[in-house]
Amino acid sequence: MSEFSEKIGMAAGNNFKSGYNCCEAIVETFRKEAGVDIDDNAFRLCSGFGGGIGHARDLCGAMAGCVMVISTLAGRNQPSDKPLAEIYPLTLEFHERFAKEFGSCACGDLMPYEFNTREHLKNCLKLVNKVAQLLVVYLEEKGLLKQ
């Protein structure tokens with residue numbers, strides 16, 4: 001990992017510790033520390049993804065945040081901008097990399113503890129840090145992140 005990815009990982013962990021949920025922590029870090037242009041209204045879209053979508057333990061909120069960051073950098077505003085066939089491979093590849101690294105993309109698999117316990121917070125803090133670092137490496141490989 002690079003010095004920059006470690007910095008981003010620490011910032012994401014600090015955002016989680018300060019009260020952002022896992023999705024918010026990832027997106028807030030990339031918009032504040034990596035210059036990804038996500039405005040406040042778009043940022044609010046993150047709020048419901050914590051705990052695997054409102055504590056449903058479904059899709060990991062940190063993973064959802066990563067997809068939001070990737071989509072912001074490589075996505076489109078209207079169908080005429082670019083075909084989805086240029087965007088989907090990026091998010092699919094990151095999904096596969098995430099699953100390989102962590103064993104799953106499901107919150108319930110990644111976080112077996114009761115929400116808001118010390119164990120939950122410690123587990124998700126570490127995960128958010130590592131996920132942010134993984135995303136930095138991926139975005140740099142794809143030429144999507146400019147420092």
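Student: Is Lys-7 buried or exposed, or does Lys-7 count as partly exposed?

Tutor: First, the ground rules. This is a predicted model, where local features need pLDDT of at least 70, side-chain atom pairs count only at pLDDT 80 or more, and totals for chains, interfaces and linings use all residues. Residues are numbered from 1 along each chain as its sequence is written, and side-chain values use heavy atoms, with hydrogens and water left out. Now the terms: buried means under 20% relative accessible area, exposed means over 50%, and partly exposed lies in between (1.4 Å probe, protein chains only). Lys-7 has 44% relative accessibility, so Lys-7 counts as partly exposed.

Student: How many salt bridges does a search of the whole structure find?

Tutor: A salt bridge is a side-chain nitrogen of Lys or Arg within 4 Å of a carboxyl oxygen of Asp or Glu. The search finds six.

Student: Which residue forms a salt bridge with Lys-7?

Tutor: Glu-33 does, with the closest N and O atoms 3.8 Å apart. The pair links distant parts of the chain: Lys-7 sits in helix H1 (residues 3–17), Glu-33 in helix H2 (residues 22–33), 26 residues apart. Helices here are DSSP runs (H or I, at least four residues), numbered from the N terminus. Glu-33 is at 35% relative accessibility, so this residue too is partly exposed.

Student: Which salt bridges does Arg-31 form with Glu-28 and Asp-40, and at what N and O distances?

Tutor: With Glu-28, the closest N and O atoms are 2.6 Å apart. With Asp-40, they are 3.0 Å apart.

Student: Why are Arg-31 and Glu-28 separated by about one helical turn?

Tutor: Because they are three residues apart in helix H2. Both Arg-31 and Glu-28 are buried.

Student: What are the relative accessible areas of Arg-31 and Asp-40?

Tutor: Arg-31 has 13%, so Arg-31 is buried. Asp-40 has 52%, so Asp-40 is exposed.

Student: Which residues are linked in a network of salt bridges?

Tutor: Glu-93, Arg-97, Glu-141 and Lys-142 are.

Student: Now the cysteines. How many disulfides are there?

Tutor: A disulfide is a covalent bond between the sulfur atoms of two cysteines. The test is a pair of cysteine sulfur atoms within 2.5 Å. By this rule the count is zero. Take Cys-46: the nearest cysteine sulfur, in Cys-23, is 3.9 Å away, and Cys-46 is in no disulfide. Cys-46 is buried, at 0% relative accessible area.

Terms used
Helices (H or I, at least four residues) and strands (E, at least two) are DSSP runs, numbered from the N terminus.
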